[in-house]
Amino acid sequence: MVNRKKTDLQTLLIFLLIIIGISLVSSIYFTRIDFTADKRFTLSDITRSEMKGLDDEMQVTVYLDGDFPAGFKRLQNAVSDLLSDYKAYSGSKLNYKFINPSEGGEEQATTFYQQLSEKGLLATNLSVKTEEGITQKIIFPSALISYKGKEIAVNFLQSRMGASPEEVLNNSVQNLEYAFTTAIRKLKRGGKPKIGFTEGHDELTDPQLADAMGSLQSAFEPGRVNLQTISLEGISKLNLLVIPKPQKSFTELEKYKIDYFIAHGGSVLWAIDQVNAELDSLRGAGTQLAFVKSLNLDDMLFRYGVKLNYNLIADLNCAKIPLKVGGAAGQAQMQMVPWIYYPLFVSISNHPVVKNIDAVRSEFSGSIDTLAVAGIRKDVLLSSSPYSKLLTVPALISLQQVEQAPNPAEFKGQPQITAVAIEGVFPQVFKNRPVPEGILDPMTTVGVSKPAKMIVLSDGDMLKNQVSTQDGSPFPLGYDRYTQQQFGNKTFFLNAVDYLTDDPAIIMLRSKEVKMHLLDRARIKEDHTFWQLINIGLPLVLLVITGVSLYFYRKRKYS
């Protein structure tokens with residue numbers, strides 16, 4: 001009996017020592033086993049590397065706290081779980097907390113909302129069911145990251161036109177790692193990547209680019225660049241060159257500098273209109289002759305494997321414009337009418353730039369053809385709908401077209417490419433060509449560039465925000481002040497900038513998928529009584545069976 005007791009104590013002691021040893025090891029070394037099919041709880045190698053590379057304290061403040069419906073509660077829990085993993089891999093150098101921005105009085109909350117908006121955090125309205133009915137609640141599905149005296153905003157709600165609330169929240173959950181890791185990576189860089197928006201060719205004005213450039217301020221250093229005056233040394237300091245809807249032709253000197261920039265691995269975002277057509281001109285005269293522009297860029301783009309066509313896309317999937325339809329008592333009446341020359345582009349590609357984004361609004365867009373060039377890979381980002389057609393130019397466009405119902409039979413063409421991403425080693429345009437006058441230190445032409453990336457858009461207005469006619473203040477990029485609808489232009493632009501300036505491994509985080517396993521609502525309604533009985537009755541039946549079985553077992557054993 002004594003030996004049995006001694007053996008039991010030794011076994012217990014060994015068991016306790018094993019538990020203590022496992023606890024000590026787990027407190028030093030962090031690991032986990034992810035049994036999910038989509039590896040939703042596994043951080044990527046690049047995220048783990050970024051966390052292990054922290055050399056100072058990092059604070060993450062999440063403003064998604066409060067009483068939410070189940071969907072937003074899931075998003076809140078996903079953020080908490082993700083940041084918990086970040087903290088573990090950072091060696092506890094990353095700390096996080098959740099704050100409810102709606103706490104306090106109404107006036108205090110309004111002031112706080114304004115402060116968060118100024119820092120780049122985006123708010124959304126949430127409908128919440130209460131005992132009194134449905135009320136609207138302002139929430140911030142966003143976070144603010146602070147590191148070494150710098151801050152950056154992270155917005156993780158991925159809205160998309162036509163998507164159900166479940167899909168929106170699922171897209172947001174699967175985008176969390178990309179959103180946080182890219183923000184942390186930018187903070188750790190110290191110096192912000194430099195982005196130059198060209199000027200000198202009647203490009204989009206500062207007010208028209210206000211939101212595009214303003215949205216980059218937290219993580220980049222945007223500014224204007226004049227290709228005529230900037231030196232080769234100056235342009236080589238840029239990380240990205242944006243060419244936003246030029247109206248005048250480029251000189252050979254300016255093209256040489258662009259070619260020099262690309263040859264040294266620089267990225268370019270081309271937003272080019274090949275046709276001159278504007279709605280403002282139509283409003284004044286009622287008709288306008290759409291004619292081709294002469295930008296002197298065709299030879300460059302052709303060498304890079306892209307051909308911007310001289311045409312216009314008319315699409316039944318289009319935005320609306322306000323139009324005067326009559327008047328009463330001296331007051332003009334306005335009506336929103338579909339305008340087929342304002343196509344909405346939706347991508348079905350899984351490319352990180354366009355994955356899970358909303359429709360992109362355009363104005364008088366043309367089509368793009370791609371050409372086979374050795375060493376260059378192309379990915380179609382955006383295209384028109386199958387209910388579109390091409391209009392060759394020159395052509396006369398009239399506002400009276402809105403009075404005529406489009407014939408669907410005329411709009412059954414192939415989807416037209418309107419945005420394409422190209423990357424690889426690009427041929428040098430000025431190889432075996434004379435160096436333009438004004439270049440004092442010409443580059444050595446080796447035939448191909450360093451690996452570089454580009455995105456080509458067939459409409460510069462994709463980057464243009466609307467401007468208030470009353471006070472000249474800019475609206476958010478992609479926001480239509482007439483329909484009060486937010487399109488995906490801003491998300492598309494920011495994704496494009498990330499793609500063109502960052503490591504491809506970071507961008508691939510956007511391809512991470514978390515599969516939804518949604519219940520069939522029709523079957524729930526049809527079979528809910530049956531499953532309620534199963535859930536309530538089956539445990540009781542099992543309990544009775546277990547009790548009876550134990551009774552007869554004990555009776556047989558001890559009788």
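Trp-339, Tyr-341, Tyr-342 and Phe-364 form one aromatic cluster. The model is a predicted one, in which local features need pLDDT of at least 70 and side-chain atom pairs count only at pLDDT 80 or more, while totals for chains, interfaces and linings use all residues. Residues are numbered from 1 along each chain as its sequence is written, and side-chain values use heavy atoms, with hydrogens and water left out.

Rings of Phe, Tyr and Trp (its six-membered ring) are paired if their centres lie within 6.5 Å, and their planes count as stacked when under 30 degrees apart, as edge-to-face when over 60 and as tilted otherwise. By this rule there are 14 aromatic pairs. One of them joins Tyr-342 and Phe-364 edge-to-face, with 5.7 Å from centre to centre and 90 degrees between the planes. This pair links distant parts of the chain, 22 residues apart, since Tyr-342 belongs to strand β16 (residues 331–345) and Phe-364 to the loop between β17 (360–361) and β18 (368–370); strands here are DSSP runs of E with at least two residues, helices are runs of H or I with at least four, and both are numbered from the N terminus.

Relative accessible area, found with a 1.4 Å probe on protein chains only, sorts residues into buried (under 20%), exposed (over 50%) and partly exposed (in between). Three residues are listed below.

| Residue | Relative accessible area | Class |
|---|---|---|
| Tyr-342 | 3% | buried |
| Phe-364 | 3% | buried |
| Pro-442 | 37% | partly exposed |

Pro-442 lies in the loop between β22 (417–424) and β23 (452–457). Leaving aside residues up to four places away in sequence, Pro-442 touches Tyr-256 and Val-435, where contact means heavy atoms within 4.5 Å. The C-alpha atoms of Pro-442 and Leu-232 are separated by 8.7 Å, although these residues are 210 residues apart along the chain.

Charges also sit over rings, which requires NZ of Lys or CZ of Arg within 6 Å of the ring centre and within 35 degrees of the ring normal. The charged end of Arg-433 sits over the ring of Phe-430, 4.4 Å from its centre, and Lys-453 lies over the face of Tyr-499, 4.7 Å from the ring centre.
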